[in-house]
Amino acid sequence: MAISNLFGLIGYPLGHSFSKGYFTKKFEEMGLSKTHAYELFPIPQIEDLPQIIATNKGVLKGLNVTIPYKQQVIPFLDTIDAAAERIGAVNTIKFLPDGTCKGFNTDYYGFQNTLKKWSGFSEFSKYKALVLGQGGAAKAVIAAIEDLGIPVIKVSRNASEGIVSYNDLPQLMSDVSLIVNTTPLGMHPNENTSPEIPYELLTKQHYLYDIVYNPLQTAFLKKGLAAGVGGVHEGLEMLYGQADKAWEIWNA
């Protein structure tokens, strides 16, 4: 029986991704492996997307979007749902029966749900949060945190309006608790890299969340544990949460 429902992931590079394994196992468990498949599409530039769509026309039902295309992909979509438009980033694409495609953001749901379930929520929700990085994933993370009533301080390599630099962090550490890494620092194969925060100023007040999931425990989280932080959260649960939400959208 031929594959009639193709799904996949676009991004570059994709050597770190667990998505194909996750969905392949899901299809097997649901008895769909003869008609459903999930493939990786490592495209060096977003301009390669139309070719992937054209090559798989008729069978391509949905795509996930990862680094570095969560913002760059938007002009290639016919429509975008209200939540993704507010966030300003797309990580899920649904191909509709009329041949058009629509963008969604499931990172928001995957991240926020894990945050609310985290045992440290009652503690870190009393303080401000630091979000490291300003890419597409950061936009979803910031919206998810702010919607829970927690003020966010945005951090990037260079300070600009509304954004502080890593050099500004020492004077801010006593005002924050939750610190989220949305950068690819620490991701396979560069496991020894980590964001340049003042780890020596970390205390039990701080909770570190890394959305990187390969490796499960990044250098960022290891340094936090060594400093005695209140808790750390790995990124795999967020990956599964956003993937399940994407599957829900593709089948709606």
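Analyst: The protein chain is assigned domain 1 (5-104) and domain 2 (108-238), with bounds that come from an automatic or database domain assignment. The model is a predicted one, in which local features need pLDDT of at least 70 and side-chain atom pairs count only at pLDDT 80 or more, while totals for chains, interfaces and linings use all residues. Residues are numbered from 1 along each chain as its sequence is written, and side-chain values use heavy atoms, with hydrogens and water left out.

Taken over C-alpha atoms, the centres of domain 1 and domain 2 are 26 Å apart. Their contact (heavy atoms within 4.5 Å) involves 11 residues of domain 1 and 15 residues of domain 2. Between them the two domains bury about 1100 Å², and 65% of this lies on carbon and sulfur atoms. Buried area here is the accessible area (1.4 Å probe) that two parts lose on being put together, summed over both. On the side of domain 1, the residues that lose the most area to domain 2 are His16, Phe18 and Ile87, which together account for 50% of what that side buries.

One salt bridge is counted between domain 1 and domain 2; the term denotes a side-chain nitrogen of Lys or Arg within 4 Å of a carboxyl oxygen of Asp or Glu. Arg86 and Asp147 form a salt bridge in which the closest N and O atoms are 2.7 Å apart. By class, the side of domain 1 that touches domain 2 comprises four nonpolar, five polar and two charged residues. In this scheme Ala, Val, Leu, Ile, Met, Phe, Trp, Tyr, Cys and Pro count as nonpolar, Asp, Glu, Lys and Arg as charged, and the others, Gly among them, as polar.

Both domains also take part in the largest pocket: its lining draws at least three residues from each of domain 1 and domain 2. A pocket is an open set of points on a 1 Å grid over the protein atoms alone, where a 1.4 Å probe fits, with protein on both sides within 12 Å along at least five of seven lines; lining residues have an atom within 4 Å of a point. The volume of the largest pocket is about 460 Å³, that is, the space filled by probe spheres set on the points, which are joined across faces, edges and corners. Among its 21 lining residues, Gly133, Gln134, Arg157, Thr183 and Pro184 are the closest to the centre. The lining of the largest pocket consists of eight nonpolar, 10 polar and three charged residues.
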